Amino acid sequence: MAQSEDEKRMPYQLPMPPEAGSDIVVPSAIPEDDRVWVPQADQVWFRPLCLNASQGYWVNLLKVRKAGVLARHRHPNPVHGYVIKGRWHYLEHDWVAEEGGYVYEPPGETHTLVVPEDVEEMITLFQVNGIMYYVDPWGKHEGFEDVFTKIEMCRKHYEKVGLGGDFVDQFIR
């Protein structure tokens with residue numbers, strides 16, 4: 001059925017499902033206020049964008065300002081990444097994730113993230129589904145992160161820096 005030009009520009013006229021969650025709109029994904037970056041390790045921070053507790057995934061920016069090995073980890077679910085600044089690679093692969101590049105990490109893969117010596121700052125958007133399971137070179141468990149540990153890290157950090165622990169609530173669904 002053909003629509004008039006006026007109908008094409010008309011917003012949807014029916015109510016949204018009452019069970020539908022609310023949108024998350026982050027006007028400036030790379031924040032002007034450095035307090036929004038949550039410290040994860042020495043010279044490593046993340047900036048939450050979506051912490052989906054109901055489905056067990058998170059979307060964040062990872063910022064690294066040091067060269068070398070960041071972490072060896074395994075994913076039971078897929079991970080998507082988009083490099084915004086800098087570059088990085090995995091010891092287990094011969095490719096390099098470069099600025100403007102997209103990376104799909106399949107479930108079950110274990111890899112060791114490395115930021116090269118000549119990179120001053122790396123920022124990558126990641127969507128992590130499930131957990132990050134940290135291991136040694138032989139697969140021995142060394143720790144994990146999931147959406148709930150991410151939320152806890154954010155609450156503690158935002159309370160400490162004066163934004164308030166509830167600052168993280170805007171990213172939780």
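Which residues in α2 are buried? Before you click, a word on what you're looking at: this is a predicted model, where local features need pLDDT of at least 70 and side-chain atom pairs count only at pLDDT 80 or more, while totals for chains, interfaces and linings use all residues. Residues are numbered from 1 along each chain as its sequence is written, and side-chain values use heavy atoms, with hydrogens and water left out.

**Stop 1: helix α2**

Select residues 147-160, which make up helix α2. (Helices are DSSP runs of H or I with at least four residues, strands are runs of E with at least two, and both are numbered from the N terminus.) The buried ones in α2 are Val147, Lys150, Ile151, Cys154, His157 and Tyr158. They sit on the same side of α2 because they cover an arc of only 135° around the axis, an arc taken from the directions from the helix axis to the C-beta atoms. Buried means under 20% relative accessible area, exposed means over 50%, and partly exposed is in between, using a 1.4 Å probe and protein chains only. An α-helix has 3.6 residues a turn, so residues three or four places apart point the same way.

What covers the buried residues? The cover includes β1 (38-41), β2 (44-52), β3 (57-64) and β12 (141-145).

Next, check the two ends. At the start of α2, a side-chain oxygen of Asp146 comes to within 2.9 Å of the backbone nitrogen of Phe148. Just after α2, look for Gly162, with a positive phi of about 90°.

**Stop 2**

Jump to Asn52 in strand β2. Asn52 counts as buried because its relative accessibility is 7%. Show its surroundings: not counting residues up to four places away in sequence, Asn52 touches Tyr57, Val147 and Arg173, where contact means heavy atoms within 4.5 Å.

Then pick Gln43, in the loop between β1 and β2. Its phi is near 65°, a positive value in a residue other than glycine. Most residues other than glycine have a negative phi. At 31% relative accessibility, Gln43 is partly exposed.

**Stop 2: Tyr90**

Select Tyr90 in strand β6 (residues 87-90). Is Tyr90 buried or exposed? At 1% relative accessibility, Tyr90 counts as buried. Leaving aside neighbours within four places in sequence, Tyr90 is in contact with His73, Trp95, Glu105, His111, Thr112 and Leu113. Draw a line from the C-alpha of Tyr90 to that of His111: they are 21 residues apart along the chain, yet separated by 5.9 Å.

**Stop 3: the largest pocket**

Where is the largest pocket? β1, β3, β4 (68-74), β10 (122-129) and β11 (132-135) each give two or more residues to the lining.

**Last stop: zoom out**

Show the whole chain and you'll find 2 helices and 12 strands. Of its 173 residues, 39% count as buried.

Conventions
Expected span 1.5 Å × (residues − 1). Polar contact = N/O pair within 3.5 Å; in protein donor to acceptor, adjacent residues only side chain to side chain.
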